[in-house]
Each structure stands twice: as structure tokens, then as C-alpha cells.
Amino acid sequence: MSYPLVCLGNPLLDLQVDVEPEYLSKYGLKENDAILAEEKHFPIYEEVLKKSGLKTVAGGAAQNTARGAQYILPPKSVVYFGSVGKDVYADKLNEANEQYGLRTEYQIQEEIATGKCAALINGPHRSLVTDLAAANHFKVDHLEKPENWAIVENAKYYYIGGFHLTVSPPAIEKLGKHAAENNKVFALNFSAPFIPQFFKDPLASSLPYVDFVIANESEAAAYAETQGLSVDSKDVVAIAKEVAKLPKANNKRQRTVVFTQGTDPTVTVTYNESTKEFDVKEYAVRKLEENKITDTNGAGDAFAAGFIAALVEGKDIAQAVHEGQWAASLSIQEVGPSFPFPKQTYTA
């Protein structure tokens, strides 16, 4: 079956380029910082497009995951939805995705520019300047178009980037309801600590539909603290249990919570509603020599790519974790959230 996986998120074009310290000073930027662009920063995007050595990567967390999943899966496996402008940045985004064979069905904003992130690299340091722009304007009616809803109905797996909870909760809910009513797999990534901290209501409304929750330890801690859970915010297993046992719209599927912890073991907790029991597992992280690590930016997105791709392949949770760790280890050997070519194949 073509396109079994649908992903939804906020597309950004990452513009990665080497700069001198003077360039950072020109715009008052700090090394190893990440900011939202102000008006004074807008000329950066046109300037870096003209710089030699520019590398464009189709960015945005869920798009990173969609691209990674398509890297692993057979051709015509993944469709990504998001919102972009009608401009050169969208053209670059499409070019970057075409390398991976990722199909995109963007909502086009005629009057708003494509979201973009300038990754200004100075030696081992990077300064990220992000303009969300069109990514913030996705509407559920784009999914409801007959040609797009046919793609949704054809799919069996759905992956949502948590950042999209800031954009279109109705779109997430529509996909979630479809998945629950048709016994399909629905996965959500918390994406960043500020999502559970400041978008509690849309997150709470989405969680009943979620079969797989993916997050890292800092996002887990933010969830525990924001919800006032009576557990240690550093106890990822205890937090995972609290999330796993939340009510589900589709009880034909158990919920599994997957918490990554950098180089510490990945934890999975699956809740059995019938027996009220938890299945807790820990998986040591795939070892990689430190001198092979180039850039850890996007490692979590790559893990999610491998994990969700393995589910699409019909693999179990343990195999999905291992494939996720493999994908992350590949990605961190590249610059930015990307994967090596020629394509590599998963090996246990």
C-alpha cells in the first residue's frame, strides 16, 4: 500500500552556513543560542542564500522525522502536511525533500513567507535564528480537501510533532479521531519542554488519541511538573506510567510511552488497561565513538523517524527502539538533522 505514514508539523527550511564571528556581531547574535528572528534579523536569510557552502535541509521537527522515515522505508511511504509560503524558501524546501523522496502536501500561504531557520556555524558553535512565518498558519480545512483526506484515509500510521499543538489543535484532533475510530496507530512527540508547560489544554485534548508518546527526559520532567504529578521529575519510569494510564479513545490498542535520555538508556512503558499492569523496559543506547559525532541537532527527530518507520515495517517495540537508536546514530554523524547518502540500511 502506498503512503502508509502521514506526518503533520511545522515546516522550516534550515539554512546552514559557516560564518565569521564578525557576522554574528553584526546582528547581535550569540554563539550556541537559539532565538526567534526580530525585524533587524530578516536580512540574514537573503544574505545566507548567496553565501558559498550553503547547505539547505528541510527542517522543522516533524518534517525531520518524516524525511528520516522515508529514508528508511520503501519509496512512496510517507506524506507530510504543513504550511509554507509561495517563495524561494518553499522551492528550496521541496528540493531538499525530493532528495529523500518525501512527498509533501503543503498548504500554501500567498501572503506569508515560508518559515526558515538560519543555522550560523562558527567552528563548533552554532547560532540559530528562526522565523516561523507560514508554519504558524496551517488550518484543518487543508486536511479536509477531498484529495488530501483520501491520503489520510489510505494511511495506517500518523505522526504528530508536538510543536503543531501551537498551530492547529483541530487538525491533530481530526487525525486522532480518524485513527481511533479506524484502529490505526497514532503517535505524538512532545517536541520541547514548553509544549507541556504552556500548551497544556491542547496536549490534554490530544492525548486520548495517542498510542505512542515520544519525548526526552527534559520534556518528561516538564510534563510532570506542570501536571503536578506526585512523582520525582527525574524519575522517567514513574512519569511514563502516569502518561501511559491516561484515558484512551481506542482501547483496542495499549498506550506505550517512549522516553529517550541522551546517552542514558531509552525507557518504554506500556500500560495494559485490562490487567492494570505496566510493562517496563530499558534499552542501552547504541554506542558510537565520540570522534564520529558531528552534530547532535535533530537526534531526537531521527530517533522518532527510526521508531515510527519500524512500526510501519511491522516490527515490535523493542525492534522499533533499536531502529530509532540506529537512525539517531546515523544522523549525528551528519551536519544538521540529515542522513548520509548513498542510503544506508538498518542493521541490528
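Which residues in helix 12 meet which residues in helix 13? Hold that thought while we set up. This is a predicted model, where local features need pLDDT of at least 70, side-chain atom pairs count only at pLDDT 80 or more, and totals for chains, interfaces and linings use all residues. Residues are numbered from 1 along each chain as its sequence is written, and side-chain values use heavy atoms, without hydrogens or water.

Now select 299–312 and 317–331, helix 12 and helix 13 (helices are DSSP runs of H or I, at least four residues; strands are E runs of at least two, all numbered from the N terminus). On the helix 12 side you'll find A299, A302, F303, G306, F307, A310 and L311, meeting I317, Q319, A320, V321, E323, G324, Q325, A327, A328 and S331 in helix 13 (contact means heavy atoms within 4.5 Å). The axes come within 7 Å and cross at roughly 140 degrees (lines fitted to C-alpha atoms, for helices over the stretch in contact, with angles from 0 to 180 degrees between N-to-C directions).

Zoom in on 212–216 and 255–261: strands 13 and 14 pair in the parallel sense over 5 bridges, with I214 opposite V258 in strand 14.

Conventions
Pairing = 2+ DSSP bridges.
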